Each structure stands twice: as structure tokens, then as C-alpha cells.
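Subject: Structure handover

Hello,

Here is the structure we spoke about handing over. My notes on it follow below.

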Amino acid sequence: MPASADPLASLRAQAHDCRACGLAATRTNVVFGVGAPAADLMFVGEGPGEQEDLSGEPFVGRAGRLLTSLIEGIGLTRDDVYIANVVKCRPPGNRNPAPEEIAACAPFLEQQLDLIRPRVVVTLGNFATKLLLDTKVGITKLRGERYPYRDGVLIPVLHPSAVLRNGGAALAQARADFVVIKRALADA
Ligand code: URA
């Protein structure tokens, strides 16, 4: 299908040319998103790290390997789901994305959600959760519950990088939250 007939491919092409914020100057690649274009389950992370910036694919570094294993733990593969980020370009040194960078990039995420129409959206960590649920409440309070969102539900979970940093108990929480995701998919 030519990009012009495939709205997600057209959106990807627009993102690749985007210069709406300062991150365009330091990126190697725009990390638009990967996976099934009509996925029932979509993950939204924070922003690309070094490995993602180099490869152009989200969640391919250490945190990505943990995310992949959590996805496989509920009987799915990365090809079954869609994975994207709040910001599509790497903040230098992996600093937090700035409010103006998030605002500049948000229309891409909104249009990805419009086109993919996932029944279950999983926000990974605080940045995605705060943006999509429009809340100031932190991830540790919100995680592992279903919240009504668009035509389905949104489930905030700990960011895989936080799970790697905090180890044991955080990993158990992440596994429990993925069981919630699996149940939500069965109900979707
Ligand atoms: N962390 C994120 O939030 N996104 C990625 O793509 C990789 C690491």
C-alpha cells in the first residue's frame, strides 16, 4: 500500500520530517512506533533512549527487553501489540522530556491512538499516564487499575526502567499488573 493510502504510514512520514521542538536537532532517528496497526493493546512509554535513538525502534534496550518479556509472559509477542512513546525523539542524556516537547509531540500520539483504536492502552510510567489520563496523581497510586479511556480502558503500570532500578517487589507488581492487562483484553 502506498504511504498516501495508509494513514499510519503517512503519519510516520510526517513525524520523520518533524522539527516542532528542539529534540529534532539532536536525534539520530525519529522513533515513531512499532507493531500491529490495528492492535487491541497499545503501550505508551516516555521517550526513546540511546538504543532506540540509534535503531529507530522503541523499547529495544534493557528496559525494552523487560517489556518484551512481560508481554510474552501474558502469551503475546511484540508483533501482536503496538508500542509507542510520548515523545518520538530522544531527550539528550535521557533527561525527562520538557513540557513544551511533550506538547509539541502529543498530536502524533493522539493520531496514533485515533488510527490504531486499541481497546486497552497501557501507560508505562508517569509521563504517559499524566498525559493520557490528564492527572497529577503519581503512578504508584494509579498502577494496576483500569480507567475508562476513549472506547476502552487505560491501565497505568510501572515504567520498565523503574522496575529495573527497584528490583524484586517492583517486578512482582509489574507481573501482577500484566495479569490485569490480560484480563482487560479478555473483556475487551
Ligand atoms: N524508555 C521509554 O520510555 N521508551 C523507550 O522507547 C525506551 C525506553
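This is a predicted model: local features need pLDDT of at least 70, side-chain atom pairs count only at pLDDT 80 or more; totals for chains, interfaces and linings use all residues.

Residues are numbered from 1 along each chain as its sequence is written, and side-chain values use heavy atoms, with hydrogens and water left out.

From His-159, a polar side-chain atom lies 2.8 Å from an oxygen atom of the ligand. The ligand taken alone exposes 240 Å², of which the protein buries 92% (accessible areas by the Shrake-Rupley method with a 1.4 Å probe).

On to the helices (DSSP runs of H or I, at least four residues, numbered from the N terminus; strands are runs of E, at least two). Axes are lines fitted to C-alpha atoms over the stretch in contact, and angles run from 0 to 180 degrees between N-to-C directions.

Helix α1 (residues 7-16) and α4 have axes that come within 10 Å and cross at roughly 170°. The pair is therefore roughly antiparallel (over 145 degrees). In contact (heavy atoms within 4.5 Å) are Pro-7, Leu-8, Leu-11, Gln-14 and Ala-15 of α1 with Phe-108, Gln-111, Gln-112, Leu-115 and Ile-116 of α4.

Helix α4 (residues 99-116) also meets helix α5 (residues 126-133), with axes within 12 Å and crossing at roughly 75°. That makes α4 roughly perpendicular to α5 (65 to 115 degrees). Here α4 contributes Ile-102, Leu-109, Glu-110 and Leu-113, and α5 contributes Phe-127, Leu-131 and Leu-132.

Lastly, Arg-143 sits in the loop between α6 (139-142) and β5 (147-149). Its side chain makes a polar contact with the side chain of Asp-177 at 2.8 Å (N or O atoms within 3.5 Å, one able to donate a hydrogen and the other to accept it). Beyond neighbours within four places in sequence, Arg-143 contacts Pro-156, Val-157, Leu-158, Gln-173 and Asp-177.

Regards

How values were computed: Angles under 35 degrees count as roughly parallel, over 145 as roughly antiparallel, 65 to 115 as roughly perpendicular and the rest as oblique.
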